[in-house]
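Visitor: I would like to learn how to read a sheet and the nonpolar residues packed around it. Could you take me through the features one at a time?

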Amino acid sequence: MWNRPRFDLKVRLTLRVAAISAACFAAISTYFLVTADSAAHARIDGIAAIVAKTLELQQGKVQWGASPRSDFPDLDPVSAHVMTPGLCLGFRSASGDMLQRFCSGAPAPASPPPQAFSAFYRSLFNPGREAARPVIVRGTKLGETVVSIDPAVQTAEAWHEAGRLMIALAIALPLLCALVYAALARALRPTRMIGSGLERIAAGDLTTRLPPFDLAELSAIRDVFNHLAESLDTALAERNELTRKLIALQDEERRHLARELHDEFGQSLAAIRALAASARQTAAQDCPDLLGECDSIARTATGMMETLRGALFRLRPPDVEELGLVASLEGLVSGWNGRSRGQPRFEIRFDGAFDSVPASVSANLYRIVQEALTNAAKHAGATKVSLHLTMADSEIALVVEDDGRPNEASAKSGMGLLGMRERVAALRGGISFETGLQGSSLRVFIPLPAAASEALEHAA
């Protein structure tokens, strides 16, 4: 409904200026045409008045000399002075009969007006209409003089006047549009910087700032933009700091829970296994029928201890700071391969040196990989999961791909992906998750602190 075609602002404003300019030229042309028509009618009105006065003098001389002349009215004397191309002079008697009429010829115009203009001009101005003045002698109306201009001549003269304006319009309008477009392009050049800044803000670069502008309106936008960027940067820094504290508190809670499980639940399971072994020895001597139940208790306790060991490993992974990121992730993948019994199969590949990665980044990367492997194994039903960790350009890139079935709904709603997003956000990185017919892909990008980047560069 609202998908209207979008035009460049410079083009739109230039078109509006061109439309306004064309309307102004049209108004000026109309004014000239109206003025020319009024001047033509004023001229023939003046000629009609002169002819009427001349005929009144002729009749007065006839009556004064008491010798009426049969050639009245005589338009020859006046026609020699007032005749112009296309002009017609005539005398109409009181009875309405045209007694005399003179018309001068008009040469064919070099460039005749178009038919459309001729029809428009005739419908608007009615060229060729007559101008009449009465001839009155001693209170008696003898008739009237009639003056008119050939409509074709008047239309051609109007076209000549309008044609000059059209030529001026044809020359001036494109030049005006080019100048307006150039001026707008120069004035709106800062909008490109504003658009680029907004794109960088949308991409997560909150350090973007706009320079001062000459225009007051753009300067106001710049002030609001910079203030918004500073506010967002401050809010994001506070959010990341809070996230880091929450993650640290969560890890500490996991370590505390692991110690409690190991010390309390683990000892209880060990005691149950010891009691089951003791009861089996007693049953072997006194009641052999209880041997099966004793063995079942021992197997159950052993299974619970294995489950507890896996839970303790997930709650308290090996010390990444001591073992290093590479060794810890290789051990994690080996553990998954051992527990999965070949289905699915996990692979990991490293590109770059990871010895100088900060401990906080390594610990969070380990947790991210751990959660990614859990999601791939439990939710995607994948038969092959590959991990690729790359160190390049002061940035760590992690790609986890699997060939499982598309399960985007669970990925969006699961707490695992949310936890990964929080960890990545705390490190000021980026994360994306894509699903397709051939499986899913998780991509994580984490920038390294400046000190770590310099250390890696020296190591390389």
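**Reading the sheet and its core**

Guide: In this predicted model, Ile431 has Val444 of strand 9 as its bridge partner. Strand 8 and strand 9 run antiparallel and are joined by 7 bridges.

Visitor: In what order do the strands of the open sheet lie, and what is the pairing?

Guide: Strands of a sheet pair through backbone hydrogen bonds, either parallel or antiparallel. Here 5 strands form an open sheet in the order 5-6-7-9-8, with mixed pairing. Strand 5 (345-351) and strand 8 (430-436) are at the edges and have a single partner strand each, so one side of each is left without a neighbour in the sheet. On average, and with direction ignored, neighbouring strands are turned by 10° against each other.

Visitor: Which strands does helix 10 lie across?

Guide: Helix 10 lies across strand 5, strand 6, strand 7 and strand 9, and runs at about 10° to strand 7.

Visitor: How many residues has the largest nonpolar core, and which have the most contacts inside it?

Guide: In soluble globular proteins, nonpolar side chains tend to be buried together. The largest nonpolar core in this model has 34 residues, and those with the most contacts inside it include Val361, Leu398 and Val444. Among the elements giving two or more residues to this core are helix 9 (325-340), strand 7 (395-402) and strand 9 (439-447), while helix 10 gives the most, with 8 residues.

Visitor: What does Leu398 touch, leaving out residues up to four places away in sequence?

Guide: On that count, the residues that Leu398 touches include Leu365, Ile368 and Val369, as well as Leu442 and Val444.

Note on methods:
Residues numbered from 1 in each chain as written. Predicted model: local features only at pLDDT ≥ 70, side-chain atom pairs only at ≥ 80, totals over all residues. Heavy atoms only, no water. Core = buried A, V, L, I, M, F, W, Y, C linked by side-chain atoms within 4.5 Å. Buried < 20%, exposed > 50% of the residue type's maximum accessible area, 1.4 Å probe, protein only. Helix = DSSP H or I, 4+ residues; strand = E, 2+ residues; numbered from the N terminus. Contact = heavy atoms within 4.5 Å. Pairing = 2+ DSSP bridges. Axes fitted to C-alpha atoms, helices over the stretch in contact; angles between N-to-C directions.
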